[in-house]
Amino acid sequence: MITVVGMGAAGAAPAEGVAAGAELVVGGRRHLDAVRLPEGAERVVLGALAPALDTVAEYVAKERPVTVLASGDPGFFGIVRALAERFGARWLDVRPGVSSVAAAFARAGLPWDDAVVASAHGRDLRTAVNLCRAHPKVAVLTGPGAGPAELGAALGGDPRVLVVASALGSAQERVERVTPAEAAARDWGAAVSVVLCLDEARALGPVRTVAGPRPGPAGWALDEAEFAHRDSMITKFEVRALALARLGPRPGDLVWDVGAGSGSVAVECARLGAAVTAVEKTPDGVERVRANAAAHGVDVRVVHGAAPAALSGLDDPDAVFVGGGGRELPAIVAACARRARRAVVVAMAALDRVPAARAALLDAGLDCDGVLLQSSRLAPLPGDVTRLAATNPVFLLWGTRPRTRTEGVGQ
């Protein structure tokens with residue numbers, strides 16, 4: 001049996017005899033120093049995980065007892081996963097402590113049943129950044145090169161407050177509230193464990209029955225009447241349905257809606273959990289996108305400017321929807337295709353613009369496909385009868401980044 005003991009995050013002293021009976025005790029140096037080891041027990045300081053697991057395997061093979069010390073709740077982004085994968089869950093006796101996330105929210109005086117939790121420890125920070133942009137309450141587990149300074153710099157001018165909880169449970173514990181800009185300007189040292197990113201206006205949401213982030217929408221491809229728009233200048237729901245399917249917006253993604261107009265695509269992507277930047281060149285269009293985002297309770301960052309120039313200062317997206325552009329369309333599609341990580345979807349009413357848009361997708365190395373969408377909707381006629389009313393045909397092209405051989409394979 002491998003006993004896994006969570007320690008320290010809430011500041012409680014470890015129980016006496018926590019490693020009693022163990023012949024091998026594995027843990028971080030500060031955890032090992034905090035407990036009394038049984039006489040004769042081998043001590044392994046956790047550094048690289050693989051050698052430590054190999055040592056544990058030697059003891060398990062001989063059915064000799066092992067204790068592993070970890071921070072907080074070791075089943076929450078912790079060592080339980082690696083141990084269960086290597087030895088099987090039946091070998092584990094897990095005794096969790098309070099996780100650093102639970103401790104941080106307790107210090108902040110906030111409930112966290114509706115929080116999104118992301119780990120940036122040894123991972124790309126951009127996923128955590130996009131979650132912070134899209135959700136009102138996010139906890140980020142930090143790591144070297146992905147701490148409060150880097151998170152604050154990435155969030156820039158986003159209207160968020162960061163609660164930085166450092167060295168939780170120790171004599172050096174600090175809990176500080178700062179803006180992203182203030183976080184970016186500080187040297188936080190190496191003791192940081194968790195950062196809470198809050199949209200304070202929405203941090204106390206309604207009472208929940210399901211923990212975790214807000215459930216996804218019950219439906220999408222909403223009717224045009226769900227959005228404010230000008231003279232029917234809006235992506236129709238039939239087109240939006242296929243565009244969303246090809247964009248594949250999900251939590252942790254960043255999506256651009258270029259030539260946003262009413263922002264219907266931007267809002268739908270945000271409702272599905274993605275961080276969204278809408279680019280719109282007209283002042284009234286900018287206000288319309290903001291109003292539609294507010295009406296649907298989602299956070300959409302709106303950039304006032306004309307593409308492709310307005311795209312230059314934006315973070316690279318996972319997916320892009322291009323819904324306008326006129327004569328600049330080929331240049332806009334080319335700029336988006338060079339920077340999109342996964343997909344670019346282009347909607348056009350004019351047949352003449354299809355070849356240039358397709359060429360721009362192909363020239364950027366994307367696989368390209370498309371369809372002409374022609375739909376007819378039921379419409380009433382006098383005499384209690386119904387006819388079919390045709391909507392304007394729309395070309396939808398999509399370019400997708402070819403997958404590498406190892407992409408999508410668990411590491």
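This report looks at one helix pair and a few salt bridges in a predicted model.

Residues count from 1 along each chain as its sequence is written, and side-chain values use heavy atoms, with hydrogens and water left out. Local features need pLDDT of at least 70 and side-chain atom pairs pLDDT 80 or more, while totals for chains, interfaces and linings use all residues.

Let's start with the helices (DSSP runs of H or I, at least four residues; strands are E runs of at least two, both numbered from the N terminus). Helix 2 (residues 49-61) and helix 3 (residues 80-87) cross at roughly 50°, their axes coming within 11 Å. Axes here are lines fitted to C-alpha atoms over the stretch in contact, and angles run from 0 to 180 degrees between N-to-C directions. On the helix 2 side, the contact (heavy atoms within 4.5 Å) includes Leu49, Leu53 and Val56, and among their partners in helix 3 are Leu83 and Phe87.

Now for the salt bridges (a side-chain nitrogen of Lys or Arg within 4 Å of a carboxyl oxygen of Asp or Glu): the structure holds 26. Here are three of them.

| Pair | N to O distance |
|---|---|
| Glu176 and Arg174 | 3.3 Å |
| Glu200 and Arg177 | 1.9 Å |
| Arg342 and Asp253 | 3.0 Å |

Arg177 sits in strand 9 (residues 174-178), and Glu200 is 23 residues away in the loop between strand 10 and helix 8. Asp253 is buried at 4% relative accessible area, whereas Arg342 is partly exposed at 23%; buried means under 20%, exposed over 50% and partly exposed in between (1.4 Å probe, protein chains only). A network of salt bridges also links Glu224, Glu238, Arg240, Glu268, Arg271 and Arg377.
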